[in-house]
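This report describes one protein chain, from its overall layout to single residues. Please keep the sequence and the model in view while reading.

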Amino acid sequence: MVSLTAPYVSGFLAFREVPFLLELVQQLREKEPGLMPQVLLVDGNGVLHHRGFGVACHLGVLTDLPCVGVAKKLLQVDGLENNALHKEKLSGACMEKLLNKNLLS
């Protein structure tokens, strides 16, 4: 169990949580190197952070592992929209690619 003492401040999650995540990765690297993952999925944003460098980026730089930010919400980023029309466009584009590659019939 980890006790977080720093308060949650929107946009600054990395400064609160990365030290603990980094420690866990370092412990795994030392004690069970055969179990080191090739990529980390991080509960938070990466490059889609509104400052362009979220918790996934911080952890990736510090661990030298590729990290993918898996956020609960799509932040408002230039060129991206968070609305039903945008999600419909994304769904349509994904389906079209799958059909074109014969991955879906």
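Read from the N terminus, the elements of the protein chain follow the order α-β-α-β-α. The secondary structure thus comprises three helices and two strands; helices (H or I, at least four residues) and strands (E, at least two) are DSSP runs, numbered from the N terminus. The model is predicted: local features need pLDDT of at least 70, side-chain atom pairs count only at pLDDT 80 or more, and totals for chains, interfaces and linings use all residues. Residues are numbered from 1 along each chain as its sequence is written, and side-chain values use heavy atoms, with hydrogens and water left out.

**The chain as a whole**

Of the 105 residues of the protein chain, 20% count as buried. Buried means under 20% relative accessible area, exposed over 50%, and partly exposed in between (1.4 Å probe, protein chains only). The protein chain exposes about 8,100 Å², and carbon and sulfur atoms supply 60% of this area; accessible areas come from the Shrake-Rupley method with a 1.4 Å probe, and for residues only the protein chains shown count as cover. Among contacts in the protein chain with a separation of 6 or more, 54% join residues 24 or more positions apart. Contact here means heavy atoms within 4.5 Å.

**The nonpolar core**

In soluble globular proteins, nonpolar side chains tend to be buried together. A nonpolar core is a set of buried Ala, Val, Leu, Ile, Met, Phe, Trp, Tyr and Cys residues joined through side-chain atoms within 4.5 Å. The largest such core has 11 residues, including Ala 14, Val 18, Leu 40, Val 55 and Leu 65. At least two residues of this core come from each of α1 (13-31), β1 (40-42) and α2 (55-63). The largest share, four residues, is that of α1. Setting aside neighbours within four places in sequence, Ala 14 is in contact with Pro 19, Val 55 and His 58.

How many of the nine residues of α2 are buried? Seven are, and the helix is mostly covered. These buried residues are Val 55, Ala 56, Cys 57, His 58, Leu 59, Gly 60 and Thr 63. Their cover includes α1, β1 and β2 (67-69).

Asp 64 follows α2 and lies in the loop between α2 and β2. Its phi is near 60°, a positive value in a residue other than glycine.

Leu 21, in turn, is placed in helix α1. The C-alpha atoms of Leu 21 and Thr 63 are separated by 9.5 Å, although the two residues are 42 residues apart along the chain.

| Residue | Relative accessibility | Class |
|---|---|---|
| Asp 64 | 70% | exposed |
| Leu 21 | 29% | partly exposed |

**The largest pocket**

About 470 Å³ of space lies in the largest pocket. Of the 22 residues that line this pocket, Tyr 8, Gly 11, Leu 13, Gly 44 and Asn 45 are the closest to its centre. The elements giving two or more residues to the lining are α1 and α2, and α1 supplies the largest share, four residues. A pocket is, on a 1 Å grid over the protein atoms alone, an open set of points where a 1.4 Å probe fits, with protein on both sides within 12 Å along at least five of seven lines; lining residues have an atom within 4 Å of a point.

Definitions and conventions:
Points joined across faces, edges and corners; volume = space filled by probe spheres on them.
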